[in-house]
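The sequence and the structure are shown first.

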Amino acid sequence: LRLLLRLLADVGRVGYPNAGKSTLISRISAARPKIADYPFTTLTPNLGVVGMSGERSFVVADVPGLIEGAHTGHGLGTRFLSHLERTKVLIHIVDVSSLSGRDPVDDYEIIKRELELFPGRDASGERLADKPVIVAANKIDALDDPDRLERLRAHLQERGVPLYAVSAATGSGLAPLLEAAWREVAAARER
């Protein structure tokens, strides 16, 4: 007999290590994950309840950062991707500052590919790649080259993926991001 424990959350957050996922969950909920300036600070999933006006709320899952090859177990990959199977929507957090040394468009595409290649499915047969995705372009407070954000915006606009420019550190832009997540959660709850 083999039992699998999966988190129950409405919203899952994905992205590279140090993209600001834990900072975001600490800003929007009472969750207090470990936050540090080195990769794989988050080693276990965290849950946070986001309270909104009108007695609206949803649960957010913070999973460790993903890297290329996560679907085959690289980094902390398959161990935590399965926790996202029961979510209704994914918020893909992309670091748009130059601090990571990576390109935001490449980061988005690599993590998107990892979600597509992950073999898991939820109870309805839906794959991670089939879930609604909202992109949070994070660290706009440290944006030193506005072209990085604009290239990501153009890339996502061509694909019909909504983008919200935010700063998890300062709280800038989080209200519209949370409203967009709520709309997706509410629509999924109705289905």
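Are F58 and W182 buried or exposed? In this predicted model, F58 is buried, and W182 is buried as well.

**Aromatic pair**

Distant parts of the chain are linked by the pair: F58 belongs to strand β3 (residues 56-62) and W182 to helix α5 (residues 174-190), 124 residues apart.

**Charge over a ring**

A ring also takes part in an arrangement with a charged residue: R102 lies over the face of Y16, 4.1 Å from the ring centre.

D10 lies in the segment before β1 (11-14), whereas H92 is part of strand β4 (residues 89-95). The table lists their relative accessibilities.

| Residue | Relative accessibility | Class |
|---|---|---|
| D10 | 8% relative accessibility | buried |
| H92 | 3% relative accessibility | buried |

D10 counts as buried because its relative accessibility is 8%, and the cut-off for this class is under 20%. When neighbours within four places in sequence are left aside, D10 is in contact with F58, V59, T87, K88, V89, V185 and R189.

With residues up to four places away in sequence not counted, H92 touches V14, G15, D107, Y108, I111, K112, V133, I134, V135 and A136.

Note on methods: Residues are numbered from 1 along each chain as its sequence is written. This is a predicted model: local features need pLDDT of at least 70, side-chain atom pairs count only at pLDDT 80 or more; totals for chains, interfaces and linings use all residues. Side-chain values use heavy atoms; hydrogens and water are left out. Helices (H or I, at least four residues) and strands (E, at least two) are DSSP runs, numbered from the N terminus. Buried means under 20% relative accessible area, exposed over 50%, partly exposed in between (1.4 Å probe, protein chains only). Contact means heavy atoms within 4.5 Å. A charge sits over a ring if NZ of Lys or CZ of Arg is within 6 Å of the ring centre and within 35 degrees of the ring normal.
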